Protein chains: 2
Amino acid sequence: MEKSPSVLTKQQILHATEETLRRFGLDKISVTDVAKVLGVSHGTIYRHFKSKSELLEGATEKWLDSKIVKPLTEVYQKAEMRGMDHLQAYIWTLIQLKQHYAREDAELFKIYAKVTEDSAELVSRHIGIIIEQMSEIISRGPIKTNRPDQLARAVFHATMRFHHPAHAYEWKSAAIEDEFLEVWGLIRKALS
Amino acid sequence: MEKSPSVLTKQQILHATEETLRRFGLDKISVTDVAKVLGVSHGTIYRHFKSKSELLEGATEKWLDSKIVKPLTEVYQKAEMRGMDHLQAYIWTLIQLKQHYAREDAELFKIYAKVTEDSAELVSRHIGIIIEQMSEIISRGPIKTNRPDQLARAVFHATMRFHHPAHAYEWKSAAIEDEFLEVWGLIRKALS
DNA sequence: CAAATGACAAAAAAGCATATTTGTCATTTG
DNA sequence: CAAATGACAAATATGCTTTTTTGTCATTTG
């Protein structure tokens, strides 16, 4: 469909993959389908990605970056926020984003959940970024600790039920927000 | 194989189900197999359980009661313990039990994980018991709160990563114990 | 007559033969 | 000659048939 140098093509392939994924779903998509959308032979895709799973991982990473990490980074950068409020805004945004896309972009969320199960690498990179930003928020604020990274990790793990895809089926419950506030109450008390 | 009045038989069926489950695994077991083990026709089993899934739920409940709830209740009843130490011993036992059986009784743990996903009822009853005992531990100790149940729920949710079966794949990591201690540090600070 | 049986229809799973997809690479193309 | 193609074997998936399993119930048995 479109022709351009290799640097662009990799992004184009990922873009086409995302589209196709949304259209056909995780268990129907084939790299042949993606090639068809791009109007190339499937061999071409294998010049850019070693395997189908690498292609799907690539699409997931792109999706995570644009849908989760980017808006999260904006909250992270809010210069006017500090300490607990900033941390709460950050975690709350994370939770809202995950829960939003679990509902509104189910097909992509599904593959993200799958990748979470079998590509430790990508996920731990993703989590790494988030914990780093949380750690930075903690150390910039008035919260007193000599291991902001440990604290950030603890907060991340303690709130897992509200942002880890394995718990997505529990997010439909009406009580979920209250349950978060209960946990947050605990964390707030611990950090004050 | 064995003959006895109906009251016993239900337990016998569950026992045979558990054995068969351990032997053939979740995706190979049929109620015909269980009937064969008991030396009865499969129709007989349907006099005691409405459906296959009810049979499997029954076996899971029995398993949960004997492997998790029973030893947990013993910790709960330790008269000499109080407050944070008691709570920590309780939660830590819960975590150790889950992680132990995930490794050592994989087939039964697997069906417990499955039931967790699709039988809200059984699981929420199970969780209910645990939160109630935690709540009781909290209110008996020196921890000051006017809603021990809320606090218990918060502690349970904050530690989910360490006892919820959806996270079993993360328990192999060597860091898991440290990560729990980080979260526990948070909780300990919050409740003091 | 309470409890178990086994015959039965409907649903699900297993088995198998065929078609598609994955991944590689020698050849082609711009 | 870098990038793309398409022919190919091996691995997967699909569709169809046959078998097993599930769940019910009228009948049998102790």
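## Burial and overall form of chain A

Of the 192 residues of chain A, 33% count as buried; a residue is buried if 20 or more other C-beta atoms lie within 10 Å of its own, exposed if 12 or fewer, and partly exposed in between, with C-beta atoms placed from the backbone. This is a predicted model, in which local features need pLDDT of at least 70 and side-chain atom pairs count only at pLDDT 80 or more, while totals for chains, interfaces and linings use all residues. Residues are numbered from 1 along each chain as its sequence is written, and chains are lettered from A and ligands numbered from 1 in the order in which they are written.

Chain A has 9 helices and 0 strands; helices (H or I, at least four residues) and strands (E, at least two) are DSSP runs, numbered from the N terminus. The order of elements from the N terminus is α-α-α-α-α-α-α-α-α. The C-alpha trace of chain A spans about 60 × 35 × 25 Å along its principal axes. Among contacts in chain A with a separation of 6 or more, 60% join residues 24 or more positions apart; two residues are in contact if their C-beta atoms, placed from the backbone, lie within 7 Å.

## Domains of chain A

Chain A is assigned domain 1 (1-49) and domain 2 (59-191), the bounds coming from an automatic or database domain assignment. The C-alpha centres of domain 1 and domain 2 of chain A are 30 Å apart. Between them, 7 residues of domain 1 of chain A are in contact with 8 residues of domain 2 of chain A. The side of domain 1 that touches domain 2 in chain A has 3 nonpolar, 2 polar and 2 charged residues. Here Ala, Val, Leu, Ile, Met, Phe, Trp, Tyr, Cys and Pro count as nonpolar, Asp, Glu, Lys and Arg as charged, and the others, Gly among them, as polar.

The largest nonpolar core has 44 residues, of which A:Met134, A:Val155, A:Ile187, B:Met134, B:Val155 and B:Ile187 touch the most other members. Such a core is a set of buried Ala, Val, Leu, Ile, Met, Phe, Trp, Tyr and Cys residues joined through C-beta atoms within 7 Å. In chain A, helix 5 (83-104), helix 7 (120-140), helix 8 (148-158) and helix 9 (176-190) are among the elements giving two or more residues to this core. Those of chain B include helix 5 (83-104), helix 7 (120-140), helix 8 (148-158) and helix 10 (176-190). Apart from neighbours within four places in sequence, A:Met134 is in contact with A:Leu87, A:Tyr90, A:Ala152, A:Val155 and A:Phe156.

Helix 8 of chain A is largely enclosed by the rest of the structure, because 9 of its 11 residues are buried. The buried residues of helix 8 of chain A include A:Pro148, A:Leu151, A:Arg153, A:Val155 and A:His157. Buried residues of this helix pack against helix 5, helix 7 and helix 9 of chain A, together with helix 8, helix 9 and helix 10 of chain B.

## Chain pairing

In the contact between the chains, 19 residues of chain B meet 19 residues of chain A. Helix 8, helix 9 (160-163) and helix 10 of chain B each supply at least two residues of the side that touches chain A. Helix 10 of chain B gives the largest share of that side, 8 residues. By class, the side of chain B that touches chain A has 9 nonpolar, 4 polar and 6 charged residues.

Chain B superposes on chain A by a rotation of 180° with 0.0 Å of shift along its axis (RMSD 0.0 Å), using least squares on the C-alpha atoms of residues with pLDDT of at least 70 in both. The two copies are thus related as by a two-fold rotation axis. The same surface serves both copies, as 100% of the contact residues of chain B recur in chain A.

The surface near DNA strand C divides into 3 nonpolar, 10 polar and 2 charged residues.

DNA strand D also has 15 residues around it, and A:Val40, A:Gly43, B:Ser30, B:Tyr46 and B:Lys52 come nearest. At least two residues of the surface near DNA strand D come from each of helix 1 (6-24) and helix 3 (42-48) of chain A and helix 2 (31-38) and helix 3 (42-48) of chain B.

Conventions:
A residue is near a molecule or strand if its C-beta atom, placed from the backbone, lies within 6 Å of it.
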